[in-house]
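This briefing reviews one protein chain for a reader working directly with its coordinates.

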Amino acid sequence: VVLVFGTGRSEGKENPFTAKASLIRYWNNHISNNLPKPPFLISKASPLNAIDLAKLTQLANHNSLSSHIESFCSLANLFCSFQEDSSKLDAVGKGKGDANFAVYSSKNFKGYGSLRRGGIDSFKNYSDGLNTPNESFKKYSRGSNAHSEDFTSYAKDANVAIDNFTNYGSSTTGGSGGFNNYQERVNVPNLRFTSYDSDGNKHKLSFSSYSSETNSGSEAFTNYGKKGKAVPAEFTSYSSNANTIGSSFAGYGVLGNSANDSFKAYGDSGNNPRNNFKIYGLASKLGIDSFTSYRDSANVGADSFQSYARDANSGKVNFVNYGKTFNVGNSTFKEYGKGSTGSTTIGFKMYDLARSFVDYAKKGVTFAGYTNSSSKETSVNRWVEPGKFFRESVLKQGNVMVMPDIRDKMPRRSFLPRGILSKLPFSTSHLSELRNIFGASMEGMLENALTECERPASRGETKRCVGSVEDMIDFATSVLGHSVTVRTTENVKGSKQEIMIGEVKGINGGEVTKSVSCHQSLYPYLLYYCHSVPKVRVYEAEILDVSSKSKINHGVAICHLDTSAWSATHGAFLALGSGPGQIEVCHWIFENDMTWTIVD
């Protein structure tokens, strides 16, 4: 079936068959007040005109959207990832000359540099400062001899970076790969190293300042260095000062021979880092692994070492200053060193509490300086941006406070019409179908959002993820009734600077009420995580310039009065110095987030 998408535009009055017109009718039928419709929400409705809406709905009904994915994403204003064809790069990649990719972005390097002899490829300021860069390095430098790769300031300051290194450096001999300042200060990185350096021979890999100061995101190293021979890997300042980074090393160094891996200052000062070393170093021979200042001063976090160094022969593993957290995390060592032979030695120096060793080797494992209490330097709140959380007493006219960065850093997208949305799968059990529609490079993003949507509700919480305005209206009215209104902060002026509070108005007379708050999730179409929040007070406040006292913004803030079900490690308690149920916690409604309440 070949569908030709047209403009479908009509002059003058809104076509009654557009997605936006359908939404207006739905609003009129389900919201029982005559207040003006909020422009900030209506503007997020699908931009599809009547003709394109009908054609895309037809494709959705026949499960054929994937065959028209580029048209679908463009017309519906979705966030999708497409890469340029690598054919133009082949001449360089297969030649003898070196390649220099400076100020470069969003390319597909598939099969690039395969069978190269010598030379160096340099990626400097690659994808620097771009929004949602997407690169694929498939079979890159495969089978090369003494070929080096240098990634310097790669994807720095990017927003939602997606990189895929599949069969990277496979069967290479000699040479080196260097990742310096890789994805520094990136928001939501998603990196996949699959079969990276598999069967490599003396190909050195160095990760320096890797994912430093990133926000959220995950890295996966699958079959990394498998069957490698003398393949050293260095992770220096990896994920340092990162916020909620997740790293997975599955099948790392399996059957490796004489590998030397070093993790220095890995996850240092991170906030809730989670690392999984699964079947790491299984049956390796003469391997040396060193974890120095690993996750030092991190906040909480969890590490899992499953079948680590199991059946290893004459290996050496050293953990120095491991997990010296100020806020206790959890580490599990399962079948650690089990079945190892020869002179395998495992040493833990200055190793902290809250660790579980299940079925570890009884011989060759030493614990020196193992401590039973951690340093309680909990006054450190560097992971929480100033002004992100505050007490209710701060919302008083004339007070000066710091406003956090309330700018929306996610890619601009629109809701989907219900007729299309209802035909798309939406669960982790259907992840493969979603991957077929939106592409394999989006899998991590899809899985993260779906997992959060499927998370069980907290005590007293009612939650729902919505991909259409109609679904949001249904959820809000199911909780609050049909006489509702929705608010958000007017603009982003005042972000990251001192502001003065002007006139303050309490919604519903400042009485304790309940609301429905909706926060964006990163997904191809506009997706909101909405949840009912009992026992809150909602405020509107004029935001003034400190010097001129002139109004620059109209803010909306919500104060949570019952925090007893919150985690003790919640950022609000780190910032304000208290604990669950002991204080109320307030925050601003950020750009493109919103809160629904009963009409005054």
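In which loop is Asn 592 found? Asn 592 is found in the loop between β28 (585-588) and β29 (594-598). The model is predicted, and its chain contains 10 helices and 29 strands. Of the 600 residues of the chain, 51% count as buried.

**Loop residues**

- Asn 592 is not a glycine, although its phi is positive, at about 70°.
- Asn 592 counts as buried because its relative accessible area is 16%, and the cut-off for burial is under 20%.
- Asn 508 also has a positive phi without being a glycine, with a value near 55°. Its place is the loop between β24 (497-506) and β25 (513-521).
- Val 512 is likewise found in the loop between β24 and β25.
- With a relative accessible area of 47%, Val 512 is partly exposed, since that class lies between the limits of 20% and 50%.
- Apart from neighbours within four places in sequence, Val 512 is in contact with Lys 535, Val 536, Arg 537 and Leu 561.
- Val 512 and His 560 are 48 residues apart along the chain, and their C-alpha atoms are separated by 9.7 Å.

- Strand β26 spans residues 527-544 and includes Ser 532.
- Ser 532 has a relative accessibility of 9% and therefore counts as buried.
- When neighbours within four places in sequence are set aside, the contacts of Ser 532 are Gly 460, Glu 461, Thr 462, Phe 475, Val 479, Ser 515 and Val 516.

**The pairing of helices α1 and α9**

- Helix α1 covers residues 19-30 and helix α9 covers residues 469-480; their axes come within 10 Å and cross at roughly 10°. That crossing angle makes α1 roughly parallel to α9, because angles under 35 degrees fall in that class.
- On the α1 side, the contact involves Ser 22, Leu 23, Tyr 26, Trp 27 and His 30. These residues meet Val 469, Glu 470, Ile 473, Asp 474 and Thr 477 of α9.
- By class, five nonpolar, three polar and two charged residues form the contact of α1 with α9.
- An α-helix has 3.6 residues a turn, so residues three or four places apart point the same way.

**Helix α8**

- Helix α8 (residues 443-454) consists of 12 residues. From its first C-alpha to its last, helix α8 reaches 16 Å, close to the 16 Å expected at 1.5 Å a residue.
- The buried residues of α8 are Glu 443, Gly 444, Met 445, Leu 446, Ala 449, Leu 450 and Cys 453.

**Contacts along the chain**

- Among contacts in the chain with a separation of 6 or more, 77% join residues 24 or more positions apart.

**Model confidence**

- The average pLDDT of the chain is 78, and 58% of the residues score at least 70.
- Confidence is highest in strand β27 (residues 551-560), at 98, and lowest in helix α5 (residues 90-93), at a mean of 46.
- Residues 7-12 have a pLDDT below 50, and the model gives this stretch four contacts beyond near neighbours in sequence.
- Residues 370-380 stay under 50 in pLDDT, and the model has 24 contacts for them beyond four places in sequence.

Key
Residues numbered from 1 in each chain as written. Predicted model: local features only at pLDDT ≥ 70, side-chain atom pairs only at ≥ 80, totals over all residues. Heavy atoms only, no water. Axes fitted to C-alpha atoms, helices over the stretch in contact; angles between N-to-C directions. Helix = DSSP H or I, 4+ residues; strand = E, 2+ residues; numbered from the N terminus. Parallel < 35°, antiparallel > 145°, perpendicular 65-115°, else oblique. Contact = heavy atoms within 4.5 Å. Nonpolar A, V, L, I, M, F, W, Y, C, P; charged D, E, K, R; others polar. pLDDT = per-residue confidence, 0-100. Buried < 20%, exposed > 50% of the residue type's maximum accessible area, 1.4 Å probe, protein only. Expected span 1.5 Å × (residues − 1).
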